[in-house]
Amino acid sequence: MSYNEIERQWTTRLRRRLVKVLPPEKALPDTQPAYVASWIYVFGVTTMCALAVVILSGCVLALRGPQWWHGSPEGHFFNSLHLWSVEIFFFAMVVHLWGKYFMAAWRGGRSLTWVTGAVTFLVSIVAAFTGYLSQTNFDSQWISTQAKDGINATGGGAYFNVLNFGQMLMWHIVLLPIAAVLLTGIHVLLVRKKGVVPPFEDKVKAPA
Amino acid sequence: MSLFAFFAALFPLNTLGHYIHWHIIQISVANLVVIILMIIVFVAALLLPFPGHRRRNNQ
């Protein structure tokens with residue numbers, strides 16, 4: 001199929017730039033290098049699968065509300081699904097982090113990939129914390145009253161008030177999920193652009 | 001005994017948590033178990049052969 005590209009059109013320029021930065025064969029490759037065939041490389045995608053379950057189960061909880069997740073068997077199920085997918089999310093993310101740390105995965109111009117991963121980890125911790133505050137039970141009351149002194153000691157309490165349930169809920173279900181998903185997307189695109197970091201070269205010389 | 005009652009008896013969640021104290025370090029047993037599991041999974045991921053790896057190398 002042929003068509004005439006309009007040089008001055010912004011869509012044409014943007015498309016050319018995107019294809020140049022991340023060609024389709026790099027964005028969605030058919031194969032990966034041989035060194036990727038190791039269990040240590042599966043924890044990144046495990047983290048993303050867990051994140052998908054976290055988001056979906058969170059959407060179900062948002063649809064039905066606290067009375068439902070506290071008082072019905074189906075609500076208990078989705079509440080537990082949300083909790084345990086978060087547990088798997090952090091479990092897999094920490095193993096992924098350890099693996100990439102010992103590979104020095106920032107090598108070869110991959111520093112931004114490393115930084116976006118680290119920031120995603122920090123955002124996820126705040127998301128989990130606001131999740132504890134959004135449970136609407138005695139546990140969330142206890143955690144918020146314990147956390148307020150720590151947050152106030154940093155000077156951030158005026159902007160991030162852990163005793164303000166409405167604010168914490170909005171951070172948990174709007175701002176932080178958007179940030180986590182956006183950062184994860186950028187992280188994955190950077191991995192596609194730069195490729196998976198290769199292992200360290202073997203420094204042992206072969207006998208002459 | 002239902003499955004729920006079985007697991008409730010195996011992992012009682014209505015009791016106080018168990019903690020380990022060592023000098024200035026204090027950690028719950030549950031968190032320590034998770035950390036040990038993560039280390040085991042990390043080491044296993046490095047050592048266990050990946051399915052299909054040998055076939056791919058032969059090709």
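The model is predicted. Burial in chain A is reported for 208 residues, of which 20% count as buried.

Chain A is built from helices. Its secondary structure comes to eight helices and zero strands. From the N terminus on, the order of elements is therefore α-α-α-α-α-α-α-α. The radius of gyration of chain A is 22 Å. The globule rule gives 17 Å for 208 residues, and the value for chain A is well over that, so the chain is more spread out than a compact globule. Along the principal axes, the C-alpha atoms of chain A fill a box of roughly 65 × 60 × 40 Å.

One helix pair in chain A was examined in detail. Helix H3 of chain A covers residues 43–64, and helix H5 of chain A covers residues 73–103. The two pack with their axes 8 Å apart, at an angle of about 155°. Angles over 145 degrees count as roughly antiparallel, and H3(A) is therefore roughly antiparallel to H5(A). The crossing of H3(A) past H5(A) is left-handed. By class, the residues in the contact of H3(A) with H5(A) comprise 15 nonpolar, eleven polar and one charged.

Chain B has 59 residues, and buried residues make up 0% of them. A residue counts as buried if 20 or more other C-beta atoms lie within 10 Å of its own.

The two chains touch. Nine residues from chain A and eleven residues from chain B take part in the contact. On the side of chain B that touches chain A, helix H2 (29–47) and helix H3 (53–58) of chain B each supply at least two residues. H2(B) gives the largest share of that side, with five residues. The residues on the side of chain B that touches chain A divide by class into seven nonpolar, three polar and one charged.

Key. Residues numbered from 1 in each chain as written. Chains lettered and ligands numbered in written order. Predicted model: local features only at pLDDT ≥ 70, side-chain atom pairs only at ≥ 80, totals over all residues. Contact = placed C-beta atoms within 7 Å. Helix = DSSP H or I, 4+ residues; strand = E, 2+ residues; numbered from the N terminus. Nonpolar A, V, L, I, M, F, W, Y, C, P; charged D, E, K, R; others polar. Rg over C-alpha atoms; globule rule 2.2 N^0.38 Å. Buried ≥ 20, exposed ≤ 12 C-beta atoms within 10 Å, placed from the backbone. Axes fitted to C-alpha atoms, helices over the stretch in contact; angles between N-to-C directions. Parallel < 35°, antiparallel > 145°, perpendicular 65-115°, else oblique. Left-handed = near helix turned anticlockwise from the far one by under 90°.
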